[in-house]
Amino acid sequence: AYTYGEALILNSGQALMVENYYKEDIGTDRFSRELEYLRRLCQARKRAHKWLTFGRWLPPVDLATDIVRVTFGPSPEDTMRVPAVLTSSWGLEDGSVCILLINHTGHPRRASYTIPTETYGLAAESVEVAELGEDGEKPVDCADGHSALDRVDVVPRWSVRVLVLRPAGRR
């Protein structure tokens, strides 16, 4: 439930927080998995900062991914079925669009999606796509020719892919 909750926070553009982590926990392995996940989310938020902070929410990509169970408590009513990969899209006035793909599960997940370039005000034939990774920005190849870009990605466990679409020639 923790990883899903934090994914929802990032997906909505909000700032992430640490709770119930005390000075006695520093230097121990307690919460190490959760802290590593939170570090990854914070790094992704930093890469997507200008879109999440100054952008406007756009309709998300049409995403197909696994459905997983998330349990919040001990009773059967405390279990939900949710997408393994969450997504949101954010646009800036310069015409660029940021797409988040957030895998909140402990397994790599396949994400098939269509990027609705016309909905975002971009011409499919003249859009550049890049991934903003921990190692910097790298171009992403997209074969298209229509009004949307069709993609299939594998999102690593407990991680975020940050994609940016720009009108060709604008950096």
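Is Glu134 buried or exposed? With a relative accessibility of 54%, Glu134 is exposed; the cut-offs are under 20% relative accessible area for buried, over 50% for exposed, and partly exposed in between (1.4 Å probe, protein chains only). Some notes on the rest follow.

1. Ground rules. This is a predicted model, with local features needing pLDDT of at least 70 and side-chain atom pairs counting only at pLDDT 80 or more, while totals for chains, interfaces and linings use all residues. Numbering runs from 1 along each chain as its sequence is written, and side-chain values use heavy atoms, with hydrogens and water left out.

2. The whole structure has 10 salt bridges, each being a side-chain nitrogen of Lys or Arg within 4 Å of a carboxyl oxygen of Asp or Glu. Glu36 takes part in a salt bridge with Arg39, at 2.8 Å from N to O. Those two sit 3 residues apart in helix 2, so about one helical turn separates them. (Helices are DSSP runs of H or I with at least four residues, strands are runs of E with at least two, and both are numbered from the N terminus.) Glu36 also forms a salt bridge with Arg40, where the closest N and O atoms are 3.1 Å apart. Here the spacing is 4 residues, again about one turn of helix 2. On accessibility, Arg39 is partly exposed at 34%, as are Glu36 at 31% and Arg40 at 25%.

3. Back to Glu134. The side chain of Glu134 meets that of Arg39 in a salt bridge (3.9 Å, N to O). Arg39 is in helix 2 and Glu134 in the loop between strand 8 and strand 9 (136-139), so this pair ties together parts 95 residues apart in sequence. Through shared partners, Glu36, Arg39, Arg40 and Glu134 end up in one salt-bridge network.

4. The second largest pocket. The volume is about 160 Å³. Helix 2, strand 8 (127-133) and strand 11 (159-167) each supply at least two lining residues, with strand 11 giving the most, 4 residues. By class, the lining has 5 nonpolar, 2 polar and 5 charged residues. For the classes, Ala, Val, Leu, Ile, Met, Phe, Trp, Tyr, Cys and Pro are nonpolar, Asp, Glu, Lys and Arg are charged, and the others, Gly among them, are polar.

5. The largest pocket. This one holds about 260 Å³ of space. On a 1 Å grid over the protein atoms alone, a pocket is an open set of points where a 1.4 Å probe fits, with protein on both sides within 12 Å along at least five of seven lines; lining residues have an atom within 4 Å of a point. Points are joined across faces, edges and corners, and the volume is the space filled by probe spheres set on them. Among the lining residues are Tyr2, Met17, Tyr21, Phe31 and Leu38. Helix 1 (2-11) and helix 2 (32-47) each contribute at least two residues, and the lining has 7 nonpolar, 2 polar and 3 charged residues.

6. Thr87. Worth a look in strand 5 (residues 85-91), Thr87 is buried, at 14% relative accessibility. A polar atom of the Thr87 side chain lies 2.8 Å from the backbone oxygen of Leu100. Beyond neighbours within four places in sequence, Thr87 has contacts (heavy atoms within 4.5 Å) with residues including Asn11, Pro60 and Ile99. Leu10 is 77 residues from Thr87 in sequence, with 9.8 Å between their C-alpha atoms.

Technical notes. Polar contact = N/O pair within 3.5 Å; in protein donor to acceptor, adjacent residues only side chain to side chain.
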